[in-house]
Amino acid sequence: ARRWRCGYYGVQPGPSDYAGPVVRFDLGPVDPEPGVAYVLACYDAADQLVQSRLVSYDPGDPLGGIAAAERALDEARRRLDLPLPQPALNPPGEQLVGVATWLWLDDSWAPSSATAAIGAVSSTVTARPVQVTWDMGDGTTVTCDAGVAYDPGRGPQEQSSPCTHVYTTASSGEPGGRFAVTVTVSYEVSWSASTGAGGALEGLSRAATTDVVVRQAQALIR
């Protein structure tokens, strides 16, 4: 990220009607007063002037609109509140070795957005869920989308899901006799500003863990 040093400098009329206003860089930066005109000047790490503009000081936007879209983006990203995933499994409760466990999210599979404004410039950040990864606790992972909720009112042959897992071992040997199942939702993130700026941002993820007991069913033949 770029780091600039910015300050407000006083302005006075030029020596003649043909000369522009004189910026008092020689007096150094001043404490600005609301509604008064100043030159806002910014310098980079090498002390080179990179921004200079005549502004009327507004305490609500102390940087005078400089990098307003990017600053609004930072605030919108801070406000973005992505929900923790709510994992759901079927059969409910304990699972059985050799029986397919259905996996799905018991919450909304929809984009989340947040907007912030700096002065007249606003930026919006949008996160779209694109993938769910289930770490089943037995050394295997399942990757899918939100999954399909199991409908107990329908027969097993009448429904299917691309998001299932079959345990091959019981959880009795695990700490507490349970597998720790972690579900992670991955998001693609983008932003757009009222200035027309925008683009892709680094992806985000949210994860939650639930404990699952897996039993070994014994068949009895007579």
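Helices here are DSSP runs of H or I with at least four residues, numbered from the N terminus. With that in hand, let's look at the salt bridges of this predicted model.

A side-chain nitrogen of Lys or Arg within 4 Å of a carboxyl oxygen of Asp or Glu makes a salt bridge, and by this rule the count comes to six. Three of them are described below.

**Around Glu75**

Helix α1 covers residues 68-79, and it holds both Glu75 and Arg78, three residues apart, or about one turn of the helix. Their side chains meet in a salt bridge, with 2.5 Å from N to O. Arg79 also lies in helix α1, four residues from Glu75, again about one turn of the helix. The side chains of Arg79 and Glu75 form a salt bridge too, at 2.9 Å from N to O.

**Across the sequence**

Arg215 pairs with Glu94, and their closest N and O atoms are 3.1 Å apart.

| Residue | Relative accessibility | Class |
|---|---|---|
| Glu75 | 22% | partly exposed |
| Arg78 | 61% | exposed |
| Arg79 | 46% | partly exposed |
| Arg215 | 44% | partly exposed |
| Glu94 | 42% | partly exposed |

Arg78 is classed as exposed because its relative accessible area of 61% is over the 50% cut-off.

Technical notes: Residues are numbered from 1 along each chain as its sequence is written. This is a predicted model: local features need pLDDT of at least 70, side-chain atom pairs count only at pLDDT 80 or more; totals for chains, interfaces and linings use all residues. Side-chain values use heavy atoms; hydrogens and water are left out. Helices (H or I, at least four residues) and strands (E, at least two) are DSSP runs, numbered from the N terminus. Buried means under 20% relative accessible area, exposed over 50%, partly exposed in between (1.4 Å probe, protein chains only).
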